[in-house]
Amino acid sequence: MSDTDIVRIQVAGSDGHAPYEVLIGQQLLGELAPLIGPKAKRVAIIHPEALEATGEAIREDLAAQGYEAIALQVPNAEDAKSAEVAAYCWSVLGQTGFTRSDVVVGLGGGSTTDLAGFVAATWLRGVRWISVPTTLLGMVDAAVGGKTGINIAEGKNMVGAFHPPAGVLADLGTLETLGKHDYVSGLAEVIKAGFIADPVILDLIEADPEAATSPAGPHTLELIRRAIQVKADVVSGDLKESGRREILNYGHTLGHAIERNERYKWRHGAAISIGMVFAAELGRLAGRLDDATADRHRAVLASVGLPLTYRADAWPKLLDAMKIDKKSRGDLLRFVVLDGLAKTSILEGPDPSVLVAAYGEVSG
Ligand SMILES: NC(=O)c1ccc[n+]([C@@H]2O[C@H](COP(=O)([O-])OP(=O)(O)OC[C@H]3O[C@@H](n4cnc5c(N)ncnc54)[C@H](O)[C@@H]3O)[C@@H](O)[C@H]2O)c1
Ligand SMILES: O=C(O)C(=O)C[C@@H](O)[C@H](O)[C@H](O)COP(=O)(O)O
Ligand SMILES: [Zn+2]
């Protein structure tokens, strides 16, 4: 791939939402204005503290093209996904005179794009927004699919909306400043895509796990492209998670409970890594998943430096948190499990002893 090549992945429209494209490449800033379009007068670029310079550069570029552009800085990471920060953004939009033809740009990792998408979904009951992910996790997962939202003390992403972006610009150059810990966190969602739908992803990582932990690795583009394709295929058929989309939640039932227990100070990918080990053990104990595939979870996640275990004494709190997971129905706990590699299914209401036994494998 040369610096000017752009890979384009289509996401189908549904439920009255237009189709859109995910662009993967280098130096994609020039693609932003065409996506914003001529009808917008104002653009708000919502970005985290860590990307102040990039946010300002984009603001200047859009201002030079005639837009009334503002850079709206929010806290780093999960601290941005709060009702208070959303309310701050609404105030700024109000003071700026933001109308229904104006556009929000979410620049940053998944925390920022989840917040920016939620602000766009709720402002005037929904304005156009564009996602510009700058983390591996944002590119392969959060920026695509239109799930937007914020956290509350009671649970992760508990308040939100399905509001797809008008486009996604995944500029690989932005990954160069991302810390190793954050890059590796994103690999958890890449590995998830491997287990639920595209095992070639697992083969590529297992061939050289160390290389996979850096954006300079030989398979970076292919890993990103494959993971986005998995996500795009799934959300194209089920935007509002009435069926197949649930597979993207593999590892998230326990993972989100861990994030809540850590008061959202952990990186999402680290929690989801442990959640996938748990889901694999559930599948194995339910007699659905073979030993080799269950063991492969630990091997591949550990090979890139992701965590596999969590505190034994946390179980009662985690169980409580899982009860209000979005996949629960009434008192019924529901988990995405594997019946084999890339064969997902739902395990409903597992016996409490099976849950405890699976957690025993995670808590050592
Ligand atoms: N909406 C979805 O479908 C979806 C999917 C997966 C995850 N998520 C959400 O995504 C969030 C996690 O996102 P994340 O892993 O991208 O982390 P993040 O957004 O919290 O970012 C991690 C850190 O990296 C910084 N950062 C971002 N880009 C940078 C760059 N290019 N250089 C240097 N620093 C940079 C951020 O400021 C932050 O401090 C979670 O809240 C999770 O729930 C949403
Ligand atoms: O897009 C989806 O659907 C997912 O489940 C992707 C997950 O990786 C992501 O973390 C998502 O935000 C979780 O959604 P939630 O509905 O469980 O909050
Ligand atoms: Zn996730």
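Residues are numbered from 1 along each chain as its sequence is written, while chains are lettered from A and ligands numbered from 1 in the order in which they are written. As the model is predicted, local features need pLDDT of at least 70 and side-chain atom pairs count only at pLDDT 80 or more, whereas totals for chains, interfaces and linings use all residues.

We can begin with the overall layout. The protein divides into domain 1 (7-177) and domain 2 (180-214 + 216-362), with bounds that come from an automatic or database domain assignment. Their C-alpha centres are 26 Å apart. Domain 1 brings 29 residues to the contact and domain 2 brings 27 residues; two residues are in contact if their C-beta atoms, placed from the backbone, lie within 7 Å. On the side of domain 1 that touches domain 2, two or more residues come from each of β1, β2, α5 (136-142) and β8, and α5 gives the most, with five residues. Here helices (H or I, at least four residues) and strands (E, at least two) are DSSP runs, numbered from the N terminus.

Next comes the sheet. Seven strands form an open sheet in the order β1-β2-β9-β6-β5-β3-β4, with mixed pairing; two strands pair if DSSP finds at least two bridges between them. Because β1 (7-11) and β4 (68-74) each have a single partner strand, they stand at the edges, and one side of each is left without a neighbour in the sheet. β2 (residues 20-25) and β9 pair in the parallel sense over four bridges, and I24 stands opposite A170 in β9. Helix α2 (residues 52-64) packs on the sheet, where it touches β3 (42-48), β4 and β5 (103-108).

Finally, the UniProt annotation "binding site", from an unreviewed entry, covers T134, T135, K147, K156, T174, L175, E176 and T177. UniProt positions are given in the numbering used here, feature names are shortened, and annotations may be inferred rather than shown by experiment. These residues spread over 44 residues of sequence and also in space, up to 28.5 Å between C-alpha atoms. K156 is found in strand β8 (residues 155-162). K156 counts as buried because it has 24 C-beta neighbours inside 10 Å; the cut-offs are 20 or more other C-beta atoms within 10 Å for buried, 12 or fewer for exposed, and partly exposed in between, with C-beta atoms placed from the backbone. Leaving aside neighbours within four places in sequence, K156 is in contact with N151, H256, E259 and R260. T174 lies in the loop between β9 (167-171) and α6 (180-196), and T174 is buried, with 23 other C-beta atoms within 10 Å.

Notes:
Axes are lines fitted to C-alpha atoms, for helices over the stretch in contact, and angles run from 0 to 180 degrees between N-to-C directions.
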